[in-house]
Amino acid sequence: MTKKRNTYSVEFKATVALDALSGEYTLAELASKYGVHASQVSQWKKQAKEGVLAAFSGKIQTSKQGDTSRKDTGGLFDSLSGFHDDPLHRAQDLMFEAWEAPTRKRAIALAKKALTISADCADAYSFLADQEAETDEEALELYRKGVEAGERALGKQFFKDEVGYFWGIIESRPYMRARLGLAGTLWELERKDEAVEHYQDMLRLNPGDNQGIRYILLLCLIELDRDGDAEALYTDYIDDGMAWWVYSRALLDFRKNGESKEAAESLKLALEENGFVPDYLLSRKSFPNPLPQYYSPGQESEAIFYAQDCRPGWEATPGALEWLGRNAQ
């Protein structure tokens with residue numbers, strides 16, 4: 001019996017190719033995300049880069065409707081390799097290569113070369129902060145340069161006109177990646193209020209929150225005993241069903257009312273969403289080594305990442321872990 005060959009729609013291929021070109025994910029991550037082989041992702045990415053000029057040359061309509069479609073396409077045409085020959089786009093092309101480079105040494109070399117082509121390549125600074133910086137202070141300086149580079153590349157008017165659409169417009173993603181790194185490093189350096197300000201402003205720019213900033217921010221606010229701000233943030237994304245959200249809801253209710261009916265109901269809902277979490281929060285199970293590469297909602301992998309991120313907030317709340325243990329046998 002012959003094996004049936006998979007067929008994929010044009011729309012599916014385009015979606016995968018655009019994700020690959022965005023630089024947000026590695027080939028392995030995209031292969032897992034879409035259920036295709038990494039080599040297939042690489043092929044579609046290459047076809048998109050090579051074919052975009054031939055496919056659209058002379059056929060892009062300019063109209064009022066076309067102007068607004070930029071938010072929907074995410075700046076597709078500006079971001080595909082070869083569509084522009086300016087220094088920033090050439091530098092960004094090198095970063096696509098750096099993310100896929102076979103060795104760390106080669107990747108770092110490509111990132112540094114990108115900066116010789118354009119000092120406005122925010123992704124190059126972020127990459128060096130992550131891969132080459134030896135101290136948090138060095139990383140902080142590189143991320144700061146990345147944020148500044150992103151600001152220059154986008155221009156002041158962009159920050160006025162596109163509030164609410166950041167990340168959806170691909171050109172904004174290097175800036176958002178650099179700012180996320182900057183905020184995280186500030187937190188590590190105990191400059192926590194500054195970090196929170198960055199996270200809050202990133203949600204203002206991109207309330208759709210493709211980067212998962214709200215999960216980080218909620219944990220930060222709980223750790224800083226800013227429960228009022230945490231409550232307001234929770235309300236903004238009240239329909240979120242991820243473990244980070246539903247278990248943090250239970251923790252906030254316990255912090256506010258102790259072993260109350262409200263807290264018990266919140267915990268019950270959290271356990272229904274992901275019953276694996278208590279084992280890792282309470283150290284009934286050890287974290288695997290290595291950790292999972294990815295996680296899925298409601299699965300044990302999600303519980304592992306949640307417990308790693310959120311245990312400090314539970315430990316800092318007197319009686320919270322004991323309460324959890326009594327109610328999650």
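Reply: What follows looks at confidence in the model, then at one helix as a whole, and then at single residues in other helices.

This is a predicted model, in which local features need pLDDT of at least 70, side-chain atom pairs count only at pLDDT 80 or more, and totals for chains, interfaces and linings use all residues. Residues are numbered from 1 along each chain as its sequence is written, and side-chain values use heavy atoms, with hydrogens and water left out.

The predictor's confidence in each residue, pLDDT, runs from 0 to 100; its mean over the protein chain is 85, and 79% of the residues reach 70 or more.

Helices here are DSSP runs of H or I with at least four residues, strands are runs of E with at least two, and both are numbered from the N terminus. Just after α12, Glu190 adopts a positive phi of about 65°.

In helix α8 (residues 104–117) sits Ala111, which is buried with a relative accessible area of 0%. Beyond its neighbours within four places in sequence, Ala111 is in contact with Met95, Ala98, Ala124, Phe127 and Leu128, while the C-alpha atoms of Ala111 and Gln92, 19 residues apart in sequence, are 9.2 Å apart in space.

Val16, in helix α1 (residues 10–22), also counts as buried, at 0% relative accessibility, and its C-alpha atom is separated by 7.8 Å from that of Lys45, 29 residues away along the chain.

Arg249 belongs to helix α16 (residues 243–257) and is buried, with a relative accessible area of 12%. Its side chain is joined to that of Glu231 by a polar contact of 2.7 Å, a polar contact being a pair of N or O atoms within 3.5 Å, of which, within protein, one must be able to donate a hydrogen and the other to accept it, while residues adjacent in sequence count only if both atoms are side-chain atoms. Not counting residues up to four places away in sequence, Arg249 touches Glu231, Tyr234, Lys256 and Ser266.

Terms used
Buried < 20%, exposed > 50% of the residue type's maximum accessible area, 1.4 Å probe, protein only. Contact = heavy atoms within 4.5 Å.
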